[in-house]
Amino acid sequence: MESVNLDYADTTGCAKWKRTYSAHQRKSSRSLRRAGRAVVSLIAALTLPCFSSAQTSSTGEYEVKAAFLFHFAQFVEWPEAAFKDSSSPLTYCTIGDDPFHGALDTTLSGKTIGARSFRVLHFKQPQEIQGCQVLFIGGAEKKILPAIIADVQGNSVLIAGDSEHFAKDGGMIGLLLEENKIRFEINLEATKKAKLKISSKLLALAKTVIGGQGGD
(Lines give C-alpha, C1' and ligand atoms only; values in the text may rest on other atoms or scores of the structure.)
Protein backbone atom coordinates (compact mmCIF):
# COMPACT_ATOMS: atom_id res chain seq x y z
CA MET A 1 0.00 0.00 0.00
CA GLU A 2 1.32 3.43 -0.88
CA SER A 3 1.43 6.07 1.85
CA VAL A 4 0.83 9.80 1.78
CA ASN A 5 1.79 12.35 4.41
CA LEU A 6 -0.34 15.12 5.81
CA ASP A 7 2.19 17.87 6.47
CA TYR A 8 1.55 20.56 9.06
CA ALA A 9 3.54 23.78 9.20
CA ASP A 10 3.12 26.69 11.59
CA THR A 11 5.98 28.92 10.53
CA THR A 12 4.03 32.18 10.31
CA GLY A 13 1.39 31.70 12.98
CA CYS A 14 -0.92 30.00 10.48
CA ALA A 15 -1.52 26.27 10.31
CA LYS A 16 -1.10 24.99 6.79
CA TRP A 17 -1.65 21.49 5.48
CA LYS A 18 -0.55 19.93 2.24
CA ARG A 19 -0.42 16.42 0.87
CA THR A 20 3.05 15.28 -0.19
CA TYR A 21 4.26 12.24 -2.11
CA SER A 22 7.63 10.61 -2.66
CA ALA A 23 8.94 10.31 -6.24
CA HIS A 24 7.60 6.78 -6.44
CA GLN A 25 4.27 7.78 -4.91
CA ARG A 26 3.73 10.53 -7.49
CA LYS A 27 3.74 7.88 -10.21
CA SER A 28 0.79 6.19 -8.52
CA SER A 29 -1.07 9.33 -7.45
CA ARG A 30 -4.07 8.34 -9.54
CA SER A 31 -4.57 5.18 -7.52
CA LEU A 32 -4.12 7.11 -4.29
CA ARG A 33 -6.81 9.56 -5.36
CA ARG A 34 -9.11 6.59 -5.66
CA ALA A 35 -8.47 5.59 -2.03
CA GLY A 36 -11.92 6.95 -1.18
CA ARG A 37 -13.89 10.05 -0.40
CA ALA A 38 -13.23 9.53 3.28
CA VAL A 39 -9.52 10.20 2.82
CA VAL A 40 -10.26 13.40 0.92
CA SER A 41 -12.68 14.41 3.66
CA LEU A 42 -10.05 13.78 6.31
CA ILE A 43 -7.51 15.95 4.52
CA ALA A 44 -10.03 18.73 4.03
CA ALA A 45 -11.28 18.55 7.60
CA LEU A 46 -7.77 18.90 8.99
CA THR A 47 -7.26 22.25 7.29
CA LEU A 48 -7.38 24.60 10.23
CA PRO A 49 -7.66 28.41 10.34
CA CYS A 50 -4.72 30.60 11.26
CA PHE A 51 -3.83 30.79 14.92
CA SER A 52 -3.72 34.20 16.55
CA SER A 53 -0.34 35.66 17.38
CA ALA A 54 -1.18 35.33 21.06
CA GLN A 55 -1.16 31.56 20.79
CA THR A 56 2.04 29.64 21.41
CA SER A 57 3.34 27.14 18.88
CA SER A 58 2.67 24.43 21.49
CA THR A 59 -0.95 25.50 21.75
CA GLY A 60 -1.32 25.36 17.98
CA GLU A 61 0.37 21.99 17.85
CA TYR A 62 -2.07 20.44 20.30
CA GLU A 63 -5.09 21.96 18.59
CA VAL A 64 -3.98 20.12 15.46
CA LYS A 65 -3.35 16.92 17.41
CA ALA A 66 -6.85 17.19 18.88
CA ALA A 67 -8.21 17.43 15.33
CA PHE A 68 -6.26 14.32 14.39
CA LEU A 69 -7.73 12.40 17.33
CA PHE A 70 -11.25 13.47 16.41
CA HIS A 71 -10.90 12.31 12.82
CA PHE A 72 -9.15 9.07 13.75
CA ALA A 73 -12.45 7.91 15.26
CA GLN A 74 -14.05 8.00 11.81
CA PHE A 75 -11.53 5.42 10.59
CA VAL A 76 -11.53 3.04 13.56
CA GLU A 77 -14.16 0.41 14.28
CA TRP A 78 -14.71 -0.68 17.90
CA PRO A 79 -16.49 -3.94 18.76
CA GLU A 80 -19.96 -3.52 20.26
CA ALA A 81 -18.67 -4.85 23.57
CA ALA A 82 -16.51 -1.74 23.95
CA PHE A 83 -19.65 0.30 24.73
CA LYS A 84 -22.36 -0.06 27.33
CA ASP A 85 -25.04 0.30 24.66
CA SER A 86 -25.64 1.73 21.18
CA SER A 87 -26.10 5.27 22.46
CA SER A 88 -23.13 5.39 24.83
CA PRO A 89 -20.67 8.20 24.05
CA LEU A 90 -17.29 7.58 22.52
CA THR A 91 -15.00 8.55 25.36
CA TYR A 92 -11.56 10.13 25.04
CA CYS A 93 -9.30 10.10 28.09
CA THR A 94 -6.03 11.72 29.06
CA ILE A 95 -3.72 10.82 31.92
CA GLY A 96 -1.72 13.21 34.10
CA ASP A 97 -1.60 16.90 33.23
CA ASP A 98 -3.77 17.61 30.18
CA PRO A 99 -1.30 18.37 27.36
CA PHE A 100 -4.15 19.79 25.27
CA HIS A 101 -5.06 22.42 27.88
CA GLY A 102 -8.72 22.09 26.97
CA ALA A 103 -8.24 21.93 23.18
CA LEU A 104 -9.44 18.32 23.00
CA ASP A 105 -12.61 19.16 24.93
CA THR A 106 -13.27 22.11 22.63
CA THR A 107 -12.61 20.10 19.46
CA LEU A 108 -15.03 17.33 20.43
CA SER A 109 -17.72 19.53 21.95
CA GLY A 110 -21.06 19.16 20.17
CA LYS A 111 -19.75 16.65 17.63
CA THR A 112 -21.13 13.17 17.02
CA ILE A 113 -20.16 10.04 15.16
CA GLY A 114 -23.21 8.15 14.06
CA ALA A 115 -25.56 8.01 17.05
CA ARG A 116 -22.73 8.59 19.51
CA SER A 117 -21.68 11.85 21.07
CA PHE A 118 -18.14 12.47 22.27
CA ARG A 119 -16.99 12.76 25.86
CA VAL A 120 -13.62 13.72 27.34
CA LEU A 121 -12.36 12.53 30.73
CA HIS A 122 -9.12 13.56 32.42
CA PHE A 123 -7.48 11.20 34.92
CA LYS A 124 -4.56 11.95 37.21
CA GLN A 125 -3.55 8.40 38.11
CA PRO A 126 -3.39 5.25 35.94
CA GLN A 127 -5.55 3.27 38.37
CA GLU A 128 -8.39 5.76 37.79
CA ILE A 129 -8.63 5.03 34.06
CA GLN A 130 -11.92 3.45 33.03
CA GLY A 131 -14.63 3.73 30.40
CA CYS A 132 -12.30 4.93 27.63
CA GLN A 133 -12.40 4.08 23.94
CA VAL A 134 -9.49 6.44 23.13
CA LEU A 135 -6.68 7.05 25.61
CA PHE A 136 -4.05 9.72 24.94
CA ILE A 137 -0.74 9.47 26.78
CA GLY A 138 1.38 12.60 26.57
CA GLY A 139 5.15 12.60 26.44
CA ALA A 140 5.42 13.53 30.12
CA GLU A 141 3.75 10.22 31.01
CA LYS A 142 5.92 7.99 28.80
CA LYS A 143 7.34 6.13 31.78
CA ILE A 144 3.94 4.67 32.64
CA LEU A 145 3.14 3.52 29.08
CA PRO A 146 4.09 -0.16 29.68
CA ALA A 147 1.97 -0.31 32.84
CA ILE A 148 -1.05 1.26 31.11
CA ILE A 149 -0.77 -1.11 28.15
CA ALA A 150 -0.75 -4.02 30.61
CA ASP A 151 -3.71 -2.61 32.54
CA VAL A 152 -5.96 -2.17 29.48
CA GLN A 153 -4.92 -5.43 27.84
CA GLY A 154 -7.97 -7.28 26.64
CA ASN A 155 -10.01 -4.07 26.33
CA SER A 156 -10.73 -2.32 23.05
CA VAL A 157 -9.00 0.96 23.83
CA LEU A 158 -7.20 2.94 21.13
CA ILE A 159 -4.00 4.12 22.82
CA ALA A 160 -2.50 7.22 21.21
CA GLY A 161 0.39 9.41 22.29
CA ASP A 162 3.20 11.66 21.18
CA SER A 163 6.30 10.49 23.00
CA GLU A 164 9.32 9.37 20.97
CA HIS A 165 8.94 5.88 19.47
CA PHE A 166 5.41 5.67 20.91
CA ALA A 167 4.07 3.17 18.37
CA LYS A 168 7.24 1.08 18.46
CA ASP A 169 7.01 0.94 22.26
CA GLY A 170 3.58 -0.68 22.11
CA GLY A 171 1.25 2.27 21.66
CA MET A 172 -1.23 2.12 18.79
CA ILE A 173 -1.02 5.55 17.15
CA GLY A 174 2.01 7.74 17.67
CA LEU A 175 1.86 11.40 16.66
CA LEU A 176 5.18 12.83 15.48
CA LEU A 177 6.41 16.39 15.09
CA GLU A 178 9.11 16.34 12.43
CA GLU A 179 10.55 19.55 11.04
CA ASN A 180 7.45 21.40 12.20
CA LYS A 181 5.19 18.83 10.53
CA ILE A 182 2.81 16.50 12.32
CA ARG A 183 2.65 12.92 11.08
CA PHE A 184 1.62 9.65 12.64
CA GLU A 185 2.61 6.01 12.91
CA ILE A 186 0.28 3.05 13.49
CA ASN A 187 1.09 -0.15 15.35
CA LEU A 188 -1.29 -2.50 13.57
CA GLU A 189 -0.31 -5.48 15.71
CA ALA A 190 -1.38 -3.63 18.85
CA THR A 191 -4.71 -2.52 17.37
CA LYS A 192 -5.52 -6.08 16.28
CA LYS A 193 -4.83 -7.40 19.78
CA ALA A 194 -7.33 -4.83 21.07
CA LYS A 195 -9.89 -6.01 18.49
CA LEU A 196 -9.89 -2.63 16.78
CA LYS A 197 -10.33 -2.46 13.01
CA ILE A 198 -8.32 0.30 11.32
CA SER A 199 -9.53 1.45 7.92
CA SER A 200 -7.11 1.00 5.04
CA LYS A 201 -7.81 4.66 4.25
CA LEU A 202 -6.20 5.70 7.54
CA LEU A 203 -3.32 3.27 7.05
CA ALA A 204 -2.65 4.92 3.69
CA LEU A 205 -2.11 8.25 5.45
CA ALA A 206 0.30 6.90 8.06
CA LYS A 207 4.02 7.56 7.82
CA THR A 208 4.74 4.06 9.10
CA VAL A 209 2.58 0.97 9.70
CA ILE A 210 4.13 -1.48 12.15
CA GLY A 211 3.10 -5.10 11.82
CA GLY A 212 1.92 -5.25 8.25
CA GLN A 213 -1.02 -3.65 6.54
CA GLY A 214 -4.71 -4.35 6.66
CA GLY A 215 -8.09 -2.80 7.35
CA ASP A 216 -11.19 -2.55 5.26
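Phe68 and Phe72 sit 4 residues apart in helix H4, so about one helical turn separates them. In this predicted model, the two rings form a tilted aromatic pair, with 5.7 Å from centre to centre and 45° between the planes. Both ends of the pair are tucked away: Phe68 counts as buried at 1% relative accessibility, and Phe72 counts as buried at 1% as well.

A second tilted pair brings together Tyr92 and Phe118, whose ring centres are 5.8 Å apart and whose planes meet at 50°. Here the partners come from separate strands: Tyr92 belongs to E4 and Phe118 to E6, so the pair ties together parts that lie 26 residues apart in sequence. Tyr92 is buried, at 1% relative accessible area, and Phe118 also counts as buried, at 12%. Altogether there are 7 aromatic pairs, and ring pairs also link Tyr62, Phe100 and Phe136 into a cluster.

The charged end of Lys65 sits over the ring of Tyr62, 4.5 Å from the ring centre. Likewise, Lys111 places its charged end over the ring of Phe70, 5.5 Å from the centre.

The strands that carry Tyr92 and Phe118 are direct partners. E4 (residues 90-95) and E6 (residues 116-123) run parallel and are joined by 6 bridges, with Leu90 standing opposite Phe118. They belong to an open sheet of 8 strands with mixed pairing, in the order E5-E6-E4-E7-E8-E9-E10-E12. Strand E5 (112-113) and strand E12 (208-210) stand at the edges with a single partner strand each, so one side of each has no neighbour in the sheet. Over the whole protein chain, the secondary structure comes to 8 helices and 12 strands.

Tyr92 turns up again in the largest nonpolar core, which has 54 residues; Trp78, Tyr92 and Phe184 have the most contacts inside this core. Helix H4 (residues 57-72) supplies the largest share, 7 residues. Nonpolar side chains do tend to be buried together in soluble globular proteins.

For the chain as a whole, 49% of the 216 residues count as buried. Of the contacts between residues at least 6 apart in sequence, 58% join residues at least 24 apart.

Definitions and conventions. Residues are numbered from 1 along each chain as its sequence is written. This is a predicted model: local features need pLDDT of at least 70, side-chain atom pairs count only at pLDDT 80 or more; totals for chains, interfaces and linings use all residues. Side-chain values use heavy atoms; hydrogens and water are left out. Helices (H or I, at least four residues) and strands (E, at least two) are DSSP runs, numbered from the N terminus. Buried means under 20% relative accessible area, exposed over 50%, partly exposed in between (1.4 Å probe, protein chains only). Contact means heavy atoms within 4.5 Å. Two strands pair if DSSP finds at least two bridges between them. A nonpolar core is a set of buried Ala, Val, Leu, Ile, Met, Phe, Trp, Tyr and Cys residues joined through side-chain atoms within 4.5 Å. Rings of Phe, Tyr and Trp (its six-membered ring) pair if their centres lie within 6.5 Å; planes under 30 degrees apart count as stacked, over 60 as edge-to-face and the rest as tilted. A charge sits over a ring if NZ of Lys or CZ of Arg is within 6 Å of the ring centre and within 35 degrees of the ring normal.
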